[in-house]
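Welcome! Take a look at the sequence and the model, then read on.

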Amino acid sequence: MVTAAWFLGLNVIRKNDLEKKHLAFGAFFLVIPWILVSIFFGFGPPPGNAKEWVATATEQQVRYSILVIAGVFIAFGFAVVRERLKNKGEFFYSLLGFLSIIIAIPLFIINMLFWGFFLTETFRILVASTSDKTPEWFMPVRSFFGLISIVEVSLTYLAIAALAASLKLTGWFGKIPSLIYIIMSLSAFIIIVLSAFGREPFAQAGFALSIPAIPFVMPYFIGINLLRRAGN
């Protein structure tokens, strides 16, 4: 994937064209998360109970550490691309997308640290105590982080929609591709918000759209297209 990105447009970093160089870096930052996420596809889904989670504790911590790093690169990508869009004269949507993502990513990082480290240590205590009873405080804490997930994921989709709108206004993306990104992102945003009320079919759809790597799919494709633009 890195080699493909290099030949697609990342190789412009060797040239003296500062604008294209910055665009290539920003685009590649949007691609990196899925390069990282592909590492743990062989892990399978997270375990469904405390004993299996503790037995694979290192694997889970690696999984969520990778997601934390991926989130950081998404924020970098939005920041750099936003500067390029601002230089092209588009201020409103690029700013809206940037503000949405810089609120979303810290929440995303906190959420991933909860799953990877707080939850792992909690399960270790439960397994060591040989008690089948879940502490009374555990479910409220888990519900709280469920709400954090809804906020950060909905803001991420909103940021993607705003970025696509900005790319359309600058002429970097055509009308049809931009509308596809906008419609898909806003639809996901609405589903995530409605899933907070626990009603079907929104609850299941919201769960699927909230799987940590899923919101990074569209920034990945946006990054691929921006890399190609930088290389032209």
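A salt bridge here is a side-chain nitrogen of Lys or Arg within 4 Å of a carboxyl oxygen of Asp or Glu. By this rule the count comes to 5 salt bridges. Please keep in mind that this is a predicted model, where local features need pLDDT of at least 70, side-chain atom pairs count only at pLDDT 80 or more, and totals for chains, interfaces and linings use all residues. Residues are numbered from 1 along each chain as its sequence is written, and side-chain values use heavy atoms, with hydrogens and water left out.

**Salt bridges**

- Arginine 124 pairs with glutamate 121 in a salt bridge, and their closest N and O atoms are 2.6 Å apart.
- Both arginine 124 and glutamate 121 sit in helix H5 (residues 92-128), 3 residues apart, which is about one turn of the helix. Helices are DSSP runs of H or I with at least four residues, numbered from the N terminus.
- Arginine 124 is partly exposed, with a relative accessible area of 33%, and glutamate 121 is partly exposed too, at 39%. As for the terms, buried means under 20% relative accessible area, exposed means over 50%, and partly exposed is in between (1.4 Å probe, protein chains only).
- Salt bridges with shared partners link Arg82, Glu83 and Lys86 into one network.
- Lysine 86 and glutamate 83 are 3 residues apart in helix H4, so about one helical turn separates them.
- Lysine 86 is partly exposed at 26% relative accessible area, and glutamate 83 is partly exposed at 32%.
- Another salt bridge joins the side chains of glutamate 59 and arginine 63, at 3.8 Å from N to O. Glutamate 59 and arginine 63 are 4 residues apart in helix H4, so they are separated by about one helical turn.

**How H4 and H6 pack**

- The axes of helix H4 (residues 57-87) and helix H6 (residues 138-169) come within 11 Å and cross at roughly 30°. H4 is therefore roughly parallel to H6.
- Axes are lines fitted to C-alpha atoms, for helices over the stretch in contact, and angles run from 0 to 180 degrees between N-to-C directions. Angles under 35 degrees count as roughly parallel, over 145 as roughly antiparallel, 65 to 115 as roughly perpendicular and the rest as oblique.
- H4 passes H6 in a left-handed crossing. A crossing is left-handed if the near helix is turned anticlockwise from the far one by less than a right angle, and right-handed if clockwise.
- Which residues meet between H4 and H6? Phe78, Val81 and Leu85 in H4 meet Ala159, Ile160, Leu163, Ser166 and Leu167 in H6, where contact means heavy atoms within 4.5 Å.
- Sorted by class, the contact of H4 with H6 holds 7 nonpolar, 1 polar and no charged residues. Ala, Val, Leu, Ile, Met, Phe, Trp, Tyr, Cys and Pro count as nonpolar, Asp, Glu, Lys and Arg as charged, and the others, Gly among them, as polar.

**How H5 and H6 pack**

- H5 and H6 pack at an angle of about 150°, with their axes 7 Å apart. The two helices H5 and H6 are therefore roughly antiparallel to each other.
- The crossing of H5 and H6 is left-handed.
- The contact of H5 with H6 has 24 nonpolar, 8 polar and 2 charged residues.

- Alanine 70 is in helix H4 and counts as buried, at 0% relative accessibility. Leaving out residues up to four places away in sequence, alanine 70 touches Pro33, Leu36 and Phe216.
- Glutamine 61 also has its place in helix H4 and counts as buried, at 18% relative accessibility. With residues up to four places away in sequence not counted, glutamine 61 touches Gly116, Phe117, Thr120, Glu121 and Arg124.
- Phenylalanine 118 lies in helix H5 and is partly exposed at 37% relative accessibility. Not counting residues up to four places away in sequence, phenylalanine 118 touches Leu113, Trp137 and Val141.
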